[in-house]
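Thanks for coming, everyone. Let me put the structure up on the screen, and then we can walk through a few parts of it together.

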Amino acid sequence: MSDDKLLTMSLIRQLVCVVCLTAGAVAGTAVPPNIVLITVDTTRADRMGFLGSQRGLTPNLDALARHSVVFTRAYSQAPFTAPSHATILTGTYPQFHQVEDFQVPLANDLPYAPAILKAHGYHTAAFVGSIVLDPTQGLAIGLDRGFDTYDAGFHLALPGEDHYSSTDRRGGVVVAHALAWLIKRPPGPFFIWVHLYDPHFPYEPLEPFKSRYESAPYDGEIAYSDSALGKLLNYLRAHGLFENSVIAVMSDHGESLGDHGEEFHGFFLYDATIHVPLLVKLPGDRFAGKRIENQVGLVDVLPTILELMGIAVPLEVQGESLLGMMTKPKPTPAASGEAAPASSPSRPQYSETEYGVRAYGWSGVRSLRTDKYLFIEAPRRELYDLASDPKAEHDVSATSKAVADTLQSQLDAFRRKTTNAGEAASSIIDPEAQEKLAALGYTAASTESAATAAMGMGADPKDKIEVGNMMGEANYLLEVTRLDEAVLLLQKVIAKEPNMWIAYAKLGAAEANLGNIPETLKARRKAVDLMPNSINLHYELGKVLMQAQDYEAALPEFEFVVAKMPESWKTHILLAIAYNRTNRLPQAIGECEKVLAIMPEQYGTNLLLGRVLLRSGDAEAALAKLMKAASLRPGAADPHMSLADAYTKLGRNADAERERSVGKRLAENGPVPGGPE
């Protein structure tokens, strides 16, 4: 973007701020408004009563809509949680913020809502419903920037735990956490982000919604989410916080539910996943009940909030404030040859997805929506005349080639204008984070797949959607540990796609959980053969080789991982164990020392290093590490038994007998909870 254009945009935005004066002027009060941002994951627009649904699912949101400005034609920029939320919170397109997938860090130099608002005196808090938005788990890196409180704290399910107490939370729990913060919040204006995950598959609504919507559990999840949000909205009303708040409600994307052959979301860009609900309640209920039919995008949410607050919009923000639409009785179309402003009904809406690329090596998909047409760029491009075909069921790209060519040119020009010129962000390679994604039913991404399947280079997702659906179902079966069914389904996938590495990786996971080590090894080795540069696949193969006690074969797998990812302390521990088991004692000592240099309190590594030093003949050096391990786990028998061996070698028999006695007593008490790593 040129400096002149940036200066022009800055002057326009400053002028709008002068017109609005301040946040207090917009609200009709001198008190800065509070800001409540609500995102409900995987929610279709056609389930909202305020958007015309007759299903009766959203009475609380419908009531809020009567106090709000409703945008009837709002579109997501991506049908996937990570890129869509990054767009909402940065006001930039996916090709600019580059958070195209989980594990891709949000760059520090991007404009970011909580950081901006915190700098203007707001207390900031986030309450999210899923591990996929947990920065501490390596899946949403950088999303906690600018938040005073980021309430996440998820983990992989332990034995006996379900996903509602580990990898995600019910909406009612998320709201309860948010209310607890509101009750104790410090004085002053606040920005709070509340994210509900319930409508995401699997659809398991609580009662009474489970029984009421037994034949339509997705609808039950929407109704349950609305009920949970009702408690939040009622609290705001009861405590005088509703009147002077900006409340923005939206979905990050929808759910296909079989539309165009897609069961879930991520592959396609039709309205089922891209048309989303969006409403904005202004302080003092200004413009309450106004309905805006113009096309808008989630990229417009941040600049709209900032304009309402009287805060200058950063130059990098690519969305446009929707305040002009709210204040003008009727938008003015752009003159011929001019770019359409945000308030124009002719402003196209851009969306994209790289899910097929990153997960399977298929082609990416991009789209451009105008008032009349939906154009989709794919290996076989598509064009739909929405005026006569609102459900996009009849592709007219072959008979309207000139229109398709024109829209392709417009899409290309738009991407050139909005793509970040800097180096593309790369995923943080983390095998542990990949396990967490798999636990929630997501397919682990592969940068190697993405590199070999740029736009138009891989298979068209339209041709592979049956396989995509089967993989989605297999992920679910793995999540709920219906492992035999998962194995059968994955074998069917492999019969259709014998070179799909991810199918073998998932098959390996299923067989591992079933305890079928030979079958696990076969699947893991095939996955590595198909994707030889994948750190995660080498890591998983190394782990199953350790289970098989083939430590010699495990060594090169873990050596590959640490060469590419030297910060992976868990891999260094596994490598140390493998070196110890293959009598490479100096190498084992070196690996343990690497871990303890950054994690000196790591129990398992202190214990292992003490034992390896003892094996190497240095009983004196072993004592310090074994004593450290004993202090870290006072109830563990193992360090004391190894200390007894060390004292025996040193001829300190009384000390040896004391430690052996302690070890035996602790062993009789049973294993210590959370035993050695």
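Let's start at one residue, Thr-419. Its relative accessibility is 33%, so Thr-419 counts as partly exposed. On the cut-offs used here, buried means under 20% relative accessible area, exposed means over 50%, and partly exposed is in between, with a 1.4 Å probe and protein chains only.

Before going on, a word on what you are looking at: this is a predicted model, in which local features need pLDDT of at least 70 and side-chain atom pairs count only at pLDDT 80 or more, while totals for chains, interfaces and linings use all residues. Residues are numbered from 1 along each chain as its sequence is written, and side-chain values use heavy atoms, with hydrogens and water left out.

Back to Thr-419. You'll find Thr-419 in the loop between helix 14 (401-418) and helix 15 (431-439). Helices here are DSSP runs of H or I with at least four residues, strands are runs of E with at least two, and both are numbered from the N terminus. Which residues does Thr-419 touch, leaving aside those up to four places away in sequence? They are Gln-95 and Phe-96, where contact means heavy atoms within 4.5 Å. The C-alpha atoms of Thr-419 and Tyr-93 are 7.9 Å apart, although 326 residues separate the two along the chain.

Now let's zoom out. The protein chain has 28 helices and 13 strands. Of its 677 residues, 57% are buried. If you take contacts between residues at least 6 apart in sequence, 66% of them join residues at least 24 apart.

Next, two helix pairs. Helix 17 (residues 461-479) and helix 18 (residues 483-496) pack at about 160°, with axes 9 Å apart. Axes are lines fitted to C-alpha atoms, for helices over the stretch in contact, and angles run from 0 to 180 degrees between N-to-C directions. That angle makes helix 17 roughly antiparallel to helix 18; the cut-offs are under 35 degrees for roughly parallel, over 145 for roughly antiparallel, 65 to 115 for roughly perpendicular, and oblique for the rest. Helix 17 passes helix 18 in a left-handed crossing, meaning that the near helix is turned anticlockwise from the far one by less than a right angle, while clockwise would be right-handed.

On the helix 17 side, the contact residues include Val-467, Met-470 and Leu-477, and on the helix 18 side they include Leu-489, Leu-490 and Val-493. The residues of this contact divide into 11 nonpolar, no polar and 5 charged. Here Ala, Val, Leu, Ile, Met, Phe, Trp, Tyr, Cys and Pro count as nonpolar, Asp, Glu, Lys and Arg as charged, and the others, Gly among them, as polar.

In the loop between helix 17 and helix 18 sits Thr-481. It is not a glycine, yet its phi is positive, about 55°. Is Thr-481 buried or exposed? Its relative accessibility is 57%, so Thr-481 counts as exposed.

The second pair is helix 24 (residues 585-598) with helix 25 (residues 603-615), packed at about 155° with axes 10 Å apart. That makes helix 24 roughly antiparallel to helix 25. Among the contact residues are Ile-589 and Leu-596 of helix 24, and Leu-609 and Val-612 of helix 25. This contact divides into 10 nonpolar, 2 polar and 2 charged residues.

Helix 21 (residues 535-547) has 13 residues, which should span 18 Å at 1.5 Å a residue, and its end C-alpha atoms are 19 Å apart, which agrees. The expected span is 1.5 Å times one less than the number of residues. Just after helix 21, Gln-549 takes a positive phi of about 60°.

Helix 19 (residues 501-514) reaches 20 Å from its first C-alpha to its last, close to the 20 Å expected. Of its 14 residues, 10 are buried, Lys-506 and Glu-511 among them. After helix 19 comes Gly-515, with a positive phi near 80°.

Last stop: some backbone details. Most residues other than glycine have a negative phi, and most peptide bonds are trans. The bond from Phe-201 to Pro-202 is cis, with omega near 5°, and the bond from Glu-207 to Pro-208 is cis, with omega near 5°. Pro-202 lies in the loop between strand 5 (190-196) and helix 8 (209-212), and Pro-208 is in the loop between strand 5 and helix 8.
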